[in-house]
Every structure is written in C-alpha cells, then in structure tokens.
Amino acid sequence: MSVTWQPMLHELAGQRMGRLTAFATMLAGPSEADDLIQEAVIAVFSRQRRFDSVAQAEQYVRRAIATRFIDAKRKEKADRERARRNARPEAVPDATERIVAAHTVDAALAQLPPRVRACVVLRYLEDLSVHETAHTLGLSEGAVKRYVSDGLKAMNAYLGTGFSDVTTETASTAERSAR
C-alpha cells in the first residue's frame with residue numbers, strides 16, 4: 001500500500017522549511033521553533049490529508065504552528081496561575097527584582113499575548129494582508145485588526161515608538177463614518 005502524503009511532505013520540507021522555521025522562530029523563539037514545527041507537521045500529516053499543492057500544505061502547517069503556539073502559551077499561563085494560587089506567600093517572587101530586558105523587537109514581541117503576537121508576526125514580519133492573516137489563524141478580519149492594533153499599541157509603549165497600522169486605522173475610520 002503506497003502512502004500518497006509522503007511526496008508532499010518531502011516537497012514541503014524541501015521547498016518551504018526555511019519559511020516555516022522563520023515563522024515559528026518569530027512566534028516561539030529559536031529554542032522552541034523546531035519542536036513547534038515538528039509537532040505541527042506531525043499533526044497535519046498524521047491525518048494523511050491530500051493536498052493539491054505545496055502552498056496548501058504549507059498553509060495547513062502554518063495554521064497548526066500558530067495554534068500549537070497559542071495553546072502552549074495558554075497552558076503555561078494556566079499552570080503559572082495554578083502555581084501562584086497554590087504557592088505559599090513567601091514563595092512568590094518580588095516583582096521589583098525583575099530585570100528589564102533590552103528594548104528590542106524580540107523582547108517587545110515576547111511580552112504580547114500569544115494570539116496578538118501571532119497576528120503582528122504574520123502582518124508585519126511575514127507581510128500577510130489582514131485577510132490572509134485571518135485565514136491563516138482562523139479568525140475574522142475584525143479580530144485580526146483588533147489584535148494588530150492592540151499589539152502595536154503595546155509594542156509602541158514598550159519600545160517608545162509611534163508605529164501605526166494604516167490599514168487598521170483607515171478601516172476603523174471608515175467603519176466609524178459609516179455608522
């Protein structure tokens with residue numbers, strides 16, 4: 001019995017692995033990117049889907065990467081909250097002892113919530129449109145615009161910059177004037 005998904009997996013790995021690695025690295029960092037890609041590829045190809053093109057296979061894997069990243073961050077947050085609730089008062093670290101990270105884009109991205117970070121990475125580092133970002137993450141275009149706006153606001157505050165999303169602002173102005 002021949003398995004038809006294997007050639008597509010080999011083609012995806014040969015042609016698109018660099019792009020997938022860059023995407024996963026921007027989301028999770030270099031130490032977690034390879035594991036994230038591996039989990040996503042296993043999830044996508046273990047179902048033995050048939051893809052019409054490498055681009056379609058890449059789209060499925062990108063969405064799986066984003067989903068797994070968001071799920072992992074949610075789990076980490078829930079685990080931290082559970083540990084915080086169960087910790088004795090003296091075990092809670094003093095917030096004043098935190099060391100402030102260097103003002104870099106990576107550090108600014110790292111402080112964003114997972115879904116907001118995914119939207120900002122896809123829009124500005126992967127150069128996808130709002131529609132493409134929404135399709136990749138399975139969100140509405142309005143949600144993507146909101147997450148991007150929130151992400152840029154947080155990054156601007158963190159970095160001391162004033163970058164804005166012209167697409168989001170133009171759409172928001174048009175929506176307000178239509179009311």
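**Reading a predicted helical model**

Tutor: Buried means under 20% relative accessible area, exposed means over 50%, and partly exposed is in between, with a 1.4 Å probe and protein chains only. This is a predicted model, in which local features need pLDDT of at least 70 and side-chain atom pairs count only at pLDDT 80 or more, while totals for chains, interfaces and linings use all residues. Residues are numbered from 1 along each chain as its sequence is written, and side-chain values use heavy atoms, with hydrogens and water left out.

Student: What share of the residues in the protein is buried?

Tutor: Of the 179 residues, 34% are buried.

Student: How many helices and how many strands are there?

Tutor: Helices (H or I, at least four residues) and strands (E, at least two) are DSSP runs, numbered from the N terminus. The protein has eight helices and zero strands. Read from the N terminus, the elements are α-α-α-α-α-α-α-α.

Student: Back to Phe51. Which ring does the ring of Phe51 pair with, and how?

Tutor: Rings of Phe, Tyr and Trp (its six-membered ring) pair if their centres lie within 6.5 Å; planes under 30 degrees apart count as stacked, over 60 as edge-to-face and the rest as tilted. By this rule there are two aromatic pairs. The rings of Phe45 and Phe51 have centres 5.5 Å apart and planes at 65°, so this pair is edge-to-face. Ring pairs join Phe45, Phe51 and Tyr60 into a cluster.

Student: Which residues does Met8 touch?

Tutor: Contact means heavy atoms within 4.5 Å. Met8 lies in helix H1 (residues 5-28). Leaving out residues up to four places away in sequence, Met8 touches Phe45, Phe51, Ser53, Val54 and Ala57. Met8 is 43 residues from Phe51 along the chain, yet their C-alpha atoms are separated by 7.4 Å. The relative accessible area of Met8 is 13%, so Met8 is buried.

Student: What part of the contacts with a separation of 6 or more joins residues 24 or more positions apart?

Tutor: In this protein, 65% of them do.

Student: At what angle do the axes of H3 and H6 cross?

Tutor: Two packed helices are described by the angle between their axes and the distance between the axes. Axes are lines fitted to C-alpha atoms, for helices over the stretch in contact, and angles run from 0 to 180 degrees between N-to-C directions. Angles under 35 degrees count as roughly parallel, over 145 as roughly antiparallel, 65 to 115 as roughly perpendicular and the rest as oblique. The axes of helix H3 (residues 54-86) and helix H6 (residues 130-137) come within 8 Å and cross at roughly 75°. H3 and H6 are therefore roughly perpendicular to each other. On the H3 side, the contact is made by Gln59, Arg62, Arg63 and Ala66; on the H6 side, by His135, Thr136 and Leu137. These residues divide into two nonpolar, three polar and two charged. Here Ala, Val, Leu, Ile, Met, Phe, Trp, Tyr, Cys and Pro count as nonpolar, Asp, Glu, Lys and Arg as charged, and the others, Gly among them, as polar.

Student: Which ring does the charged end of Arg62 sit over?

Tutor: A charge sits over a ring if NZ of Lys or CZ of Arg is within 6 Å of the ring centre and within 35 degrees of the ring normal. The charged end of Arg62 sits over the ring of Phe23, 5.0 Å from its centre. Likewise, the charged end of Arg123 sits over the ring of Tyr124, 5.2 Å from its centre.

Student: Arg123 and Tyr124 are in H5. Which residues of H7 does H5 meet?

Tutor: The H5 residues Arg115, Val116, Cys119, Val120, Arg123 and Tyr124 meet Val144, Tyr147, Val148, Asp150, Gly151, Leu152 and Met155 in H7. That contact divides into nine nonpolar, one polar and three charged residues. The axes of H5 and H7 come within 8 Å and cross at roughly 95°, which makes H5 roughly perpendicular to H7.

Student: Where is Asp127?

Tutor: Asp127 is in the loop between helix H5 (114-125) and H6. Its phi is near 60°, a positive value in a residue other than glycine. With a relative accessible area of 66%, Asp127 is exposed.
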